[in-house]
Amino acid sequence: MNPSSASSPAPRARPVETGTKSTRIDRVGRIVLGAVTLILLVVFARVVQLQVAPSAALREHIDQRISRNAEQGPRGDLRDRRGRLLAATRQGFRIFVDPTLLKPPYGDTIRSLARITGLPDETVGDRLSRALDENVKRAGTDAKPIRYVSIGGVLPDNKVEEARRLELPGIALEPRPVREPAIDDPSLAPLVGVVGIDDDGLLGAERTFDETMRPVDGKLSYVRDSRGEPMWIPEGGYIAPQRGGDVRLSIDTVLQQIASEELAKGVERADAAGGRLLMVDPVSGEVLAMVDQTREARGLVDWKKGDHLNTDGHRVRYRTILGSAKNAKTPLSMHRNRCVEDVYEPGSTFKPFIWSVLTERGYCKPGETFNTHDGHWTTDFGRHIADVTPRDVCTWREVLVYSSNIGMVQGAFRQPYKETHADVLRFGFGTKTGIGLPGESNGIVTREKDWSKYTQSSIPSGYEIAVTPMQMVRAFSIFAREGDLAGTIPELRLTAATPDTVATELRRRVLPPWVVTEARDAMKHVAENMETRVAQYFKEDAKCPYTMFGKSGTAEIPRPGGGGYFDDQYNSSFIVAAPFDHPRIVVLAIIDDPGPEMIAKRMHYGSAVAGPVIRQVVRRSLEYLGVPAPVTEEDTKIEHVASAHGGARDLATSDDDQ
């Protein structure tokens, strides 16, 4: 061993510079990571930029790859005041054609579409040929070809299946909403109305409450690939449709059916050209029933100016109802609502209003006696006034009970013309009721500056004024309201009332309560007289156990254009509130143009033709509403006899056995 080598220290191993290499690797990694991150950020930003603000050229390309489909929501339901369904929407299907996919020859396609849709071959062929010809013109231009042609309307269910089995290119089905009535009652058609092809309300309640029932459409957007297949739905690409709101009408379908049935009987019995009936709740202002009927009576002819008599000298019965001729079955005429659209002269049913204001102002007192001249009287300006029920004298109360035209005219001339004009307006005549139905008329009231002595002598008997049935029931409800509401005019409504409806109603007083009481007491006798007469003439009709108050009216029908009146053609009406003690309903029935035989028998008056309708509608309606009938002396006697024989049930059993 070398001593020197043994004594010298062993050499140290050089340390590996691991820290330096690690630092270098980390630095390179961070640089790479940062570069990748930056690239990704740039790419992401570019993607965002392309999505948010692409160039015009790129936007056109993107739009070609995105499909947007609207998803229609269901329209809200229409229901009656008790929740019964009146109209609802279901999904139907309609055929459409993509002309670019059709293959010639087109004969089989046209015949198949015509067979399924029920359209003539020529109609289908014409629609397709126009689209095909237009596409030929657009070929080679920037204009896009026509790819959608609808054929016919919504198909019946059996035809939908037949259409699905067609193996013809370019033909497809598209879903369409179908609005259908839930109750087969033609009287509801004018009230419910019509919905158009775009599911928008066109007539009736469908139009009035369209904003509430209209749904909010949803939408679906998705990106397609180069083959047109869906790839994905972008964020926010789907918005669900929202169903339209339901509307609950004030109409009660049972009361509507009662009104429709009884009015139809009355119109047929009177050989009338038509009839109208309205029923309202005088407290809440709800319209409970609204019926408008027309009938093509025998011998009706259209009016021509200058017509008076036939060549053989017999009187002609002219058509007096607009839309009742050949076009009566058209959709528009079927949905006309004469209860709000057409006016009529109310005749003596207008007397309670003038009678009340003259009483209120003290011009006439209920017990005051008027000389009614045995039914014939001439004014100091030469106008002859006649009464149907001639009497030598009448008290002011009897003037209303016996419907004296003479007494009413004498009373009206005690007040200035200006006051009479203002009185007509304060009852709401001359302005719409605001019920909301389209086509409502304002009525016709002579302007104050045109008011004359003839106007002053016509208005008290319901002439020289034109009103709608809706205005009449609103005004008459003033007499049917009780307590703090007595003498106030209700706000009529077509939607079901809530418990707070009456409490929050803005009350407009028209008459003081004491005048309302006086008028009601007088009109009670009018209704009693009607009940007595009708019971004599129509013994087959059920007796009405309810006491009511009201007024009849019979007015000549004016010729179009204001050229006088039709000879022996009338609108006969009766308006009542019942029951007398606590009125629940106000009912107006109008019989349009009772037939010649009724006039010959002098049975055309309001009490004779509209009265029977009223009493049956009141009886059936109050029974349905659960209003107890008043106990009569006859009922008391029967109950007494029943008690003596072991009770009412035993007596009834004995009668049945007999």
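Trainee: So a salt bridge is a side-chain nitrogen of Lys or Arg within 4 Å of a carboxyl oxygen of Asp or Glu. How many salt bridges does a search of the whole structure find?

Mentor: The search turns up 46 salt bridges. Keep in mind that this is a predicted model, where local features need pLDDT of at least 70, side-chain atom pairs count only at pLDDT 80 or more, and totals for chains, interfaces and linings use all residues. Residues are numbered from 1 along each chain as its sequence is written, and side-chain values use heavy atoms, with hydrogens and water left out.

Trainee: Let's look at Asp126. Which side chain does Asp126 meet in a salt bridge?

Mentor: Arg130, with an N to O distance of 2.2 Å. Both sit in helix α5, residues 121-138, and being four residues apart there puts about one helical turn between Asp126 and Arg130. (Helices, H or I of at least four residues, and strands, E of at least two, are DSSP runs numbered from the N terminus.)

Trainee: OK, what about Glu180? Which residue does Glu180 form a salt bridge with?

Mentor: That would be Arg90, and the closest N and O atoms of the pair are 2.9 Å apart.

Trainee: And where do Glu180 and Arg90 lie?

Mentor: Glu180 is in strand β5 (residues 171-181) and Arg90 in strand β3 (residues 85-97), so this pair ties together parts that are 90 residues apart in sequence. Glu180 is partly exposed at 35% relative accessibility, and Arg90 also counts as partly exposed, at 29%.

Trainee: What about Arg317? Which side chain does Arg317 meet in a salt bridge?

Mentor: Asp271, at 3.5 Å from N to O. This pair links distant parts of the chain, 46 residues apart: Arg317 is in the loop between β13 and α11 (331-334), while Asp271 is in the loop between α10 (253-269) and β12.

Trainee: Is that pair buried or exposed?

Mentor: Arg317 is buried because its relative accessibility is 8%, and Asp271 counts as buried as well, at 17%.

Trainee: Which residues do salt bridges with shared partners join into one network?

Mentor: Arg75, Arg179, Glu206, Asp210 and Arg214 are joined that way.

Trainee: You mentioned β12 and β13. How many bridges join them?

Mentor: Seven, and the two strands run antiparallel, with β12 covering residues 274-280. (Strands pair if DSSP finds at least two bridges between them.) One place to look is Met279, which stands opposite Ala289 in β13.

Trainee: What do β12 and β13 form?

Mentor: They make a hairpin, with six residues between the strands. Take a look at Gly285 in the turn: its phi is positive, at about 80°.

How values were computed:
Buried < 20%, exposed > 50% of the residue type's maximum accessible area, 1.4 Å probe, protein only.
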